[in-house]
Amino acid sequence: MRFAPGHRAWVVLAAVLLASCADKPAGVVDVDFWTIGREGEAMAKLVPAFEREHPGIRVHVQQMPLTAAHQKLFTAFAGNSMPDITQLGNTWLPEMQALNAIEPLDAYVATSKVVDKADYFPSIWATNTIDGKLWGVPWYVDTRLLFYRVDILKEVGFDGPPRTWDEWRRQLAAVRSRGNGKGFAVLLPTNEYEPLMSLALQSDEPLLRDGGRYGNFRSEGFKRALTFYVDTFKAKQAPNITNVEAGNPWTEFGRGVYAFYLSGPWNIGEFRKRIDAKDQDDWSTAALPGINGPGASNAGGSSLVIFRSSKHKQEAWQLVEFLSRPDIQRQFYDLLGDMPPRRSSWEGGTLANDPKARAFRDQLERVVPSPAVPEWERIATEMQLVAAQAVAGQISIDDAAAEIDRRTDRILEKRRWVLDHAREHAP
Amino acid sequence: MSRQNAAWWFLAPALIVLGLFFLLPVIAALLLSLTDYDLYALADLRNLRFVALANYWELLHRPLFWSALGHTFYFVIVGVPLSIATSLGAALLLNSPLARFKPFFRTALFAPVVTTVVAVAVIWRYLFNTKYGWANYGLSGLGIDPVDWLGDPHWAMPTIILFAVWKNFGYNMIIFLAGLQAIPADLYEAARIDGASAPSQFRHITLPMLAPTLLMVSILTVSGYFQLFAEPYVMTEGGPLQSTTSVLYLMYEEGFKWWNLGSASAVAFLLFVIMFVVTAGMLRLSRRKVAS
């Protein structure tokens, strides 16, 4: 899960609505809803409409800052003080599922008139399915694709964005040789694992094998992605810097220091804000290039989950349904720029006519979930640390792949034991 | 009832409180550090395994632990002398017969100690903002380019040190002030009659007379500074590029972010051992000095 950088609030905003608990009419049910990051601000605007439609329910939104959300959810579980419903990044979903903290939602969806599985992007839906059961309903989606400079590509003789890695490589080389070797072609911050992960997910070979028991980074598919990634730095088409050092990529992209930027939906808004109005036609978005033709990218985003401990699951589900309605999802997009996970939500409103969002709509049909194991964030972090060493030329591709596997297998040691242990003790 | 028994009765309340709220948790944490308590164990206690010293062994092989230890030592080695020098300097100024409005300055300089770290961190983050901060505004007046105080991996730790020194020097200042006031005035008088200059008075009277206070203050400050946590937590979240991740911050992330309580406890005990060795070394060093 990723949120726009710069939107980190680090003071936990206490439940704003605490005061309203005081004089509650009889028969009104309280639903506690935790949100992460900016989504809480949008909820404050959406809740009144929900409460008007459901006079018997009162929603208490509590905003968690992204940096504190993970520990707060865990501490709440350990202390048995969970809310009824929460927003949950889909890389955190496997953890909550492993804790047996959240409620399977298959029965709710089966009878729902609003939540229609067929309307959702299949891979986004799949990130919420573990062991054949549904644990959350996708709320908004996040994927990585290419932001590119139309004018620069035209200048070096290309009419459109790349569709294959080979084509992309040629464009990168052409852009790189443009400014007497001063500028770069693409920004791939070396401390973000999403760019490499997105490329690696295009492979047919999974990143983990044997049901998430071992790493599979020595596969040809991953090595091919890692080679492409590392070569981009070796050819000086991407600078070997982190996003801390990159500072302000928007202005630099506007100035043409980079012609490509691999990033997520929130940057549409950032680029609109930060690039001059007269230059707005100079940039666009494109689906991620693949090995042979348009490729896949990662299936990120957040879901809504209901906790097992909740005493108001039905009421919480009504809130899930409300937030899953296409008209509400469009409103949500207008408030925050969070992209909806349902196809029908894309068919109206500002999204339908936004040319910069079109590539995302296209990409969302081709997204792949990251492995659904609780350890995934730690594994991806280690993957990126080793990849950064390969970028710096400290180790070869083969050694890097082997090293990532070694670290992954160590992280997954407990998972293997738990899985095997559970099988031994199964009745 | 014998005298011995009576003594135990008098001690009992203190011992019970200490045992219940200090000794017991410490023993529990020690036991925890020998297990692999994690997410799976939180879900189901049957997933808990005894791993002996594996947590410690693994930590010693983790680059992040060593870099966190490096950052902590950086903070202690630069921060403690700076903090003590500032405290001593402020105490000397306040103790000077020339100083006016002493109660006011004493209170003003002590104020940072009693403010909450989170509240003042907000103000410091503004002060050290790259674009709008006063720190860079001042530098630009001197013709120096703006510094990304909290965003640059090289500058983040110095900024944290500055913040911590400002936040904490008042406490030691009060202790030093008490120590300075306990030095008999006739010693200075005698030195003045012998024609000793102010610096040599400071060297040969103030410092030796303050030595016990200095030792106590150093040990307290060192052990306090080793436990660096709140400052990076509220100012930088351990970043940028983990350049302000201290050992205690690592423990917090391990324990409460990833819920690996086993290895988090191991971090805590490793830090305890390091602090114990360092303060014991300081004590021994000072004793040898006194003996010679």
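## Helix α18 of chain A

In α18(A), the buried residues are A:Ala400, A:Ala401, A:Glu403, A:Ile404, A:Asp405 and A:Thr408. Buried means that 20 or more other C-beta atoms, placed from the backbone, lie within 10 Å of the residue's own. These residues pack against β10 (214-215), α9 (220-234) and α17 (376-391) of chain A. Helices (H or I, at least four residues) and strands (E, at least two) are DSSP runs, numbered from the N terminus.

The length of α18 (residues 397-411) checks out: its 15 residues should span 21 Å at 1.5 Å a residue, and its end C-alpha atoms are 21 Å apart. The expected span is 1.5 Å times one less than the number of residues.

## Basis of the model

This is a predicted model; local features need pLDDT of at least 70, side-chain atom pairs count only at pLDDT 80 or more, and totals for chains, interfaces and linings use all residues. Residues are numbered from 1 along each chain as its sequence is written, while chains are lettered from A and ligands numbered from 1 in the order in which they are written.

## Contact with chain B

The contact takes 17 residues from chain A and 16 residues from chain B. Two residues are in contact if their C-beta atoms, placed from the backbone, lie within 7 Å. On the chain A side, α2 (66-78), α3 and α19 (413-425) each supply at least two residues. α2(A) gives the most, with six residues.

Definitions and conventions
Buried ≥ 20, exposed ≤ 12 C-beta atoms within 10 Å, placed from the backbone.
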